[in-house]
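Colleague: I would like a close look at one part of this model, namely its charged side-chain contacts. Please take your time over it and keep the answer connected.

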Amino acid sequence: MSVGAPAVRWVVMGVSGCGKSAVGTLLAGALGLPYVEGDDVHSPENVAKMAAGMALDDADRAGWLAALRQRIATARAQGGGLVVSCSALKRAYRDVLREGDPALRFVHLDGPRDVLERRMQRPGHFMPPSLLDSQLRTLQPLQADEAGIVLDIRQPLPVLLAQILQAP
């Protein structure tokens, strides 16, 4: 980010296994911004529910989204940039996050189901591959009036980063 450039707040979004954490960490590092791992903000109850193979509902996600919205709002109020990883599967969830910053930008990491399922084979991660179909059913892609870009997760990380950095 060049000197004097306005601080941007980004949400790296998509279903589990799409690479939100890897891309978010890389983006934050490239821009010299703080990074918030959305998974770390989930309540212990949400983590336990997902670990048991149960999908979260809107009520489960409400407190989590509110906490992420607050972090985004704080960064905006302080004039700082921020990168957050958050599934942000529904437009309504993204609307909640945008309450923290109307100029919030999204990077939707998208890819084929088989690639996502293969990537979800992560030892020690609470999200089981059995919840992928639930997430795909819930997913509402970015709409034309939402600031953001959609990227193909089959691209190498450096290519994804370059595409984000070159986005208008």
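Which residue forms a salt bridge with Arg76, and how far apart are the closest N and O atoms?

Modeller: Bearing in mind that this is a predicted model, the partner of Arg76 is Asp101, and the closest N and O atoms of the two are 3.7 Å apart, which falls within the 4 Å that a salt bridge requires. Asp101 sits in the loop between H4 and strand S4 (105-110), whereas Arg76 belongs to helix H3, so the contact ties together parts that are 25 residues apart in sequence. With a relative accessible area of 2%, Asp101 is buried, while Arg76, at 43%, is partly exposed.

Helix H3 (residues 58-77) also holds Asp58, which forms a salt bridge with Lys90 at a closest N and O separation of 3.1 Å. That pair links distant parts of the chain, since Lys90 is found in the loop between strand S3 (82-85) and helix H4 (91-98), 32 residues apart from Asp58. Here both partners are partly exposed, Asp58 at 41% relative accessibility and Lys90 with a relative accessible area of 23%.

A further salt bridge joins the side chains of Arg154 and Asp152, with 2.8 Å from N to O; Arg154 counts as exposed at 54% relative accessibility, and Asp152 is partly exposed at 26%. Elsewhere, salt bridges with shared partners connect Arg91, Arg94, Asp95, Arg98, Asp145 and Glu146 into one network. For the whole structure, the search finds 14 salt bridges.

How values were computed:
Residues numbered from 1 in each chain as written. Predicted model: local features only at pLDDT ≥ 70, side-chain atom pairs only at ≥ 80, totals over all residues. Heavy atoms only, no water. Helix = DSSP H or I, 4+ residues; strand = E, 2+ residues; numbered from the N terminus. Buried < 20%, exposed > 50% of the residue type's maximum accessible area, 1.4 Å probe, protein only.
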